[in-house]
Amino acid sequence: MRSLRHGYTNATVGDGATVVKRYEGPRAVLRAEREYAALTTFSGRVPVPEVLDRSAGTLTLGFVAGTQGQELIDAGHGDRVLTACGEVLRKIHAAGCTHGDFGPQNTLLTPDTLRVTAVLDWEFSSLDRADPVVDLAWCEWIVRTHHPRRTSAIPALYAAYGTSFPWQERRAAMIRRCVELIDFTHEWDPDGAAEALWRERLDATSAWER
Ligand SMILES: Nc1ncnc2c1ncn2[C@@H]1O[C@H](COP(=O)(O)OP(=O)(O)O)[C@@H](O)[C@H]1O
Ligand SMILES: [Mg+2]
């Protein structure tokens with residue numbers, strides 16, 4: 001098994017048939033359980049990997065073919081990736097759930113037709129309530145931060161989703177998420193490099209005018 005690219009939080013390895021995700025950091029066992037609950041809830045309703053095995057703090061998932069959304073945005077397909085993200089997010093929210101780390105970073109798509117093959121990384125999900133601005137704003141934040149030359153694609157996300165939110169509400173949701181990630185990284189490694197990075201990102205996000 002080799003390390004998979006694009007992992008942000010955990011040790012995720014795969015061999016083209018299965019993927020083993022070993023949760024690291026604060027509340028690893030709880031986060032694994034949360035992802036397991038979401039994957040079983042959404043199986044058959046939204047494209048998600050199959051759960052092959054589970055133990056405390058580890059999930060073994062079926063490998064899903066697809067290209068990560070961020071690569072496709074960088075390749076010039078921002079509008080189509082964010083349209084696909086908006087459409088799949090509407091289904092997730094219709095089922096009453098917040099993904100919690102939604103965006104192209106956690107979406108796999110067919111590289112030719114830009115169809116979503118999997119929504120990944122449900123460890124921060126809430127299955128008991130849909131909070132649309134949380135997921136929409138985070139998807140927007142990922143594009144603004146990691147693809148600053150592709151922000152013209154952001155309206156496609158809201159158009160496909162079917163609702164928008166005022167900028168102040170979106171920025172407030174982005175700020176709340178940065179604060180949560182400061183707390184998370186602080187708990188993991190107090191005053192370490194990851195916490196410093198999230199503090200910088202919070203400052204940058206707070207300064208955005210629109
Ligand atoms: N079931 C899967 N099939 C194919 N690739 C996967 C699968 N699960 C994860 N990956 C790849 O591994 C990366 C990291 O997985 P993810 O669940 O997002 O972990 P992290 O919490 O570390 O971000 C994903 O962005 C994706 O590229
Ligand atoms: Mg991820």
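Colleague: What should I know before I start?

Modeller: Residues are numbered from 1 along each chain as its sequence is written, and chains are lettered from A and ligands numbered from 1 in the order in which they are written. Because the model is predicted, local features need pLDDT of at least 70 and side-chain atom pairs count only at pLDDT 80 or more, while totals for chains, interfaces and linings use all residues; side-chain values use heavy atoms, with hydrogens and water left out.

Colleague: How is the size of an interface given?

Modeller: Often as the accessible area lost when the parts come together. Buried area is that loss (1.4 Å probe), summed over both parts. Between domain 1 and domain 2 it is about 2000 Å², with 63% from carbon and sulfur atoms.

Colleague: How many salt bridges cross the interface of domain 1 and domain 2?

Modeller: A salt bridge is a side-chain nitrogen of Lys or Arg within 4 Å of a carboxyl oxygen of Asp or Glu. The rule finds 5 across this interface.

Colleague: Is Arg170 buried or exposed?

Modeller: Buried means under 20% relative accessible area, exposed over 50%, and partly exposed in between (1.4 Å probe, protein chains only). Arg170 has a relative accessible area of 13%, so this residue is buried. Setting aside neighbours within four places in sequence, Arg170 is in contact (heavy atoms within 4.5 Å) with residues including Glu140, Tyr158 and Phe165.

Methods. Buried area = accessible area lost by both parts, 1.4 Å probe.
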